[in-house]
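Reader: Before I rely on any label in this model, I would like to hear the criterion behind it. Could you take me through the terms one by one?

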Amino acid sequence: MKRMLLTLLLTPLFAAAAFAHDPRIEAKVDDLLARMNLAEKVGQLNQLNGGYATGTQDGRRIDLEESVRSGIIGSFLNIVDLDYQKSLQKIAVEESRLGIPLLYAHDVIHGYRTIFPIPLAEAASWDLEAIERSARIAAIEASASGLHWTFAPMVDIARDPRWGRVMEGAGEDTYLGSRIAEARVHGFQGDDLSRSDTIIACAKHFAGYGAAEGGRDYNTVDVSERVMREVYLPPFHAAVNAGVATLMNAFNVLDRMPASGNKFLVKQVLKGEWNFQGFVVSDWNSFGEMVIHGVAEDNREAAKLAIAAGSDMDMESKAYFDYLGELVSKGEIPEEWVDDAVRRVLRVKYELGMFDDPYKYIDPARKEKVTLSDEHLQAAREVARESIVLLKNEGGLLPLKKNIEKIAVIGQLADSKKFEDMMGSWPAQGKNEEVVTPLEGVKAKVSTQTVVTYEPGCRDHGVCPPELIDRAALAAAEADCVILVVGENGDMSGESKSRAHIGLPGDQLDLVKAVVKAGKPVVMVLMTGRPLVLDWCAEHVPAIVNAWQLGTMGGHAIADVLFGDYNPSGKLPISFPAAVGQIPVYYNHLNTGRPRPPQDVPYVSKYIDCPNEPLYPFGYGLSYTTYEYSAPRLNAETININHTLTVSVDVKNTGSVMGDEVVQLYIRDLVGSVAQPVKELRGFDKIHLNPGESKTVEFTLDSGDLAFWTEDMKFQPEPGEFEVFVGTSSSDCKKARFTLE
Ligand code: GLC
């Protein structure tokens, strides 16, 4: 695996304009802008839905073709039919006055036709190269289907698994989330946006959306500027520094101002401190929702707030469509604000090569050739395997033998091609009927002598009639071992799918108990878009595998792991709470003034009915082998601000099978001008070790990696004592100390 050199967390002062600034393009943009009238300028800032809706619709009918012909629409989302794309593009290019090409966007979140694991699952692979490759393949398939722009990566840090969109991001950690944001931007955009197989990416949702109170989607966000800058903003900064061409406003307020009209976020941080040169698109009707938030009388005022904050393009609210031109012509807003927004949109269209060949993404032959290719399906299978997290394996029950005489596969999810159960939310143009189910994967894996029986045990969404449970229990009793697939249906996570109770949905626990009671060895395979509260299961089921929602090749990936063709290497990117009442529970918490010690004492920060620790912590994941870590060795005990510290650790595979291990590096700043987390991830390296093999892993830490937003809100390190931890999870590591002078 590529060694993970720690990335200097760039301070706002040094951020370059990562999105290309090609003087030849700037000249073309200026020339075209000078020839545009006000209606045409506003047109470039309007995006309308041309396909299925992913939000509420106002029912207003607009003649899309006439609007394109008049140059008053610049982009569409959800038009995925090549012929329709071509016909509208022809009108834009050949019939409008200036012939400015349209941009076609879609939510290509984890694959386009070949569906990859949900982003949260991919994050569990900690394999940045594999994650980048997934995005690359998604871009190849999407661009061959006429799409220029994906509304991804979603880079919202989330510490609350009740939130349905936790499936869409990279989990609870800012450092891991930032590295994955970079990988996904590089995957989608490649290193040359003018190529026909690259698409513009969109870091979303800017910003703080994952901190919705109660984990309830679209709810209020109220976090301090410091927490925004320490936790929620860095992945966006990383995406900008990786060259992301667009960002998307979030729905939520921040400091009581909706993100779409939030000058601090868009004008001050993104376009000011970070010098972002791309453009910002609203989320679906998020401009119009400023009226509902109660900060705008009507869409006319919402338009004013949005353009004043620097939000460039309006998805579906029609606030710009209806009022932006009038606001300029009446002198209520300066035309320069509109010009700046239009310049940004035109810049991206030029970068994409749209003016050179507006039809280059519409290529049926290429679409036929690349869609669902064997190479793409194999890549999906490989990253799916790496995304699986082994949570429990009592007595080494796993891996199973392929020649077991009789296996009972139980669970509605084991053989489901419905509700996007295997693909997960945001499946783009993936097809349920194309996925490989766990049952299909098991049948393809075992010997020809093995008998595989199947019982659903439940209907979907955890409806488990007693007769189905009884049949499942009987099948379990008659088998030599059971593979029990339970969890969430695909439509139980994603946007607007928050859950207040995050145990196994419905009556599935009754099924689990009945199957375990049958007395045969049980392997539980979890399929889920979020961490679940597993309490009874974690105690009574001998083997538990978290298989998330793994996409088109999920069934094969699950079988590869269950039968030992791949030794699970996944590590949790988000904590699994012991109880929903613990939420938010995350590893990089502050110490508090009364941390709970190991022994049970009063007057400390604890619950009287639940541990403080999650059931499974960030960075946790078991293997079929074992690894031994040396204590970390430092090349110096004291460094100054200009030095780098090298941290070395020997990792040995002390088991009998080869495996991939994610070696994790954390730090702790023991005293700061403001309280510091008890641990913070600052590096990781996924290494391959054969049985008995040992490798030395080296990390470098420099002052940038020790920086934080100090008491007077400067991003810089402070001298003092630090601890450094290296290990196999956030709760299983060895430490050393050093001093920063
Ligand atoms: C949705 C989502 C956003 C998505 C957009 C377009 O409401 O919040 O992530 O990209 O609308 O589908």
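**Labels and their criteria**

Reader: What makes β6 and strand β9 (residues 279–281) a parallel pair?

Author: This is a predicted model, in which local features need pLDDT of at least 70 and side-chain atom pairs count only at pLDDT 80 or more, while totals for chains, interfaces and linings use all residues. Residues are numbered from 1 along each chain as its sequence is written, and side-chain values use heavy atoms, leaving out hydrogens and water. Strands are DSSP runs of E with at least two residues, numbered from the N terminus, and two of them pair if DSSP finds at least two bridges between them. β6 and β9 have three bridges in the parallel sense, so they pair by that criterion. Leu 247, for instance, has Val 280 of β9 as its bridge partner.

Reader: How do you know that strand β5 (residues 202–206) pairs with β6?

Author: Here too there are three bridges, again in the parallel sense, and Phe 206 is bridged to Asn 249 of β6.

Reader: Why are the residues of β6 (residues 246–249) called buried?

Author: Buried means under 20% relative accessible area, with exposed over 50% and partly exposed in between, using a 1.4 Å probe and protein chains only. Thr 246 and Met 248 point one way and Leu 247 and Asn 249 the other way, and all are buried, so each has a value under 20%.

Reader: How do you know that domain 1 and domain 3 touch, and how many residues are in contact?

Author: Contact means heavy atoms within 4.5 Å, and four residues of domain 1 are in contact with six residues of domain 3. The C-alpha centres of these domains lie 40 Å apart, and the domain bounds come from an automatic or database domain assignment.

Conventions. Helices (H or I, at least four residues) and strands (E, at least two) are DSSP runs, numbered from the N terminus.
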